Amino acid sequence: MSTEITPRRRGRPPKTDRNYTDTREALIRSGLALLTRTGYLSTGIDAIVKHVNVPKGSFYYYFENKEDYGRVVLAAYDSFFQHKLQKSLSDTSLSPLARLESFVKSAGEGMQKYDFTRGCLVGNLMQESPGLPDTFRQQLTEILGNWQRHVAACLTDAIAAGEINADRPADQLAIIFWSGWEGAVMRARLFQSIEPLNEFWRYFSQSIRAA
């Protein structure tokens, strides 16, 4: 399912020197910054446009409403995150488990870069899901499914390499990984430390590692 929204252009064109692509991308980047900090429900359109100095009327020139905008931002986050995930998991110079550990380390460095003010947008929206439109829940389910498949493929390689036990299917382990990971990210933000991420990884990797 495509999450790209065709612009309706019912608002005012932007009163800036940006072209169409620049302004639209600036608004998406604003959403990535703000929604990873405060979530979707708590972030208003005024804050989104003010963050990048764009007139409010221009928001509606590019997006039908906040729901359409939120889904586009979520798709952009998914694209960014899958690239980050694949960069670690496709590194064949490392063993399969070391690839997954590389992702954990890279994610922790990313949280430190922003002083733990930004979390996982998918995790934020999962917490808000009771108050979100059904379209968000469907999109989140699809995104999580894709992330789980990436990790499951890596864990399948780890089973084949004899790194981890083969007594549980890789796809089940991938679900466990992401459930634990989202909780670890929230704890990392709370404690302003990457230690919850490291603790989660130590427990997860040790619990599945072959004797």
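This is a predicted model: local features need pLDDT of at least 70, side-chain atom pairs count only at pLDDT 80 or more; totals for chains, interfaces and linings use all residues.
**Helix pair**

Residues are numbered from 1 along each chain as its sequence is written, and side-chain values use heavy atoms, with hydrogens and water left out.

The angle between α5 (residues 96-113) and α9 (residues 195-208) came out at about 170°, with the axes 10 Å apart. Axes here are lines fitted to C-alpha atoms, for helices over the stretch in contact, and angles run from 0 to 180 degrees between N-to-C directions.

I then listed who touches whom, with contact meaning heavy atoms within 4.5 Å. From α5 I got L97, L100, E101, V104, G108 and M111; from α9, L197, W201, F204 and I208. They divide into 8 nonpolar, 1 polar and 1 charged (Ala, Val, Leu, Ile, Met, Phe, Trp, Tyr, Cys and Pro are nonpolar; Asp, Glu, Lys and Arg charged; the others, Gly among them, polar).

**Rings**

Next I searched the whole structure for aromatic pairs and got 21. My criterion was Phe, Tyr or Trp rings (six-membered ring for Trp) with centres within 6.5 Å; planes under 30 degrees apart are stacked, over 60 edge-to-face, the rest tilted.

F59 and Y60 are edge-to-face, with centres 5.2 Å apart and planes at 80°. F59 is buried at 0% relative accessible area, while Y60 is partly exposed at 22% (buried is under 20%, exposed over 50%, partly exposed in between; 1.4 Å probe, protein chains only).

F177 and W178 are edge-to-face too, at 5.1 Å centre to centre and 85° between planes. F177 is buried at 0%, and W178 is buried at 3%.

Ring pairs also link up a cluster: Y77, F80, F81, F103, W147, F177, W178, W181, F200, W201 and F204.

**Charges over rings**

I looked for NZ of Lys or CZ of Arg within 6 Å of a ring centre and within 35 degrees of the ring normal. K66 lies over the face of Y40, 4.3 Å from the ring centre. R118 has its charged end over Y114, 3.9 Å from the centre.

**Whole chain**

I counted 9 helices and 0 strands (DSSP runs numbered from the N terminus: H or I of at least four residues, E of at least two). Of the 211 residues, 45% are buried.
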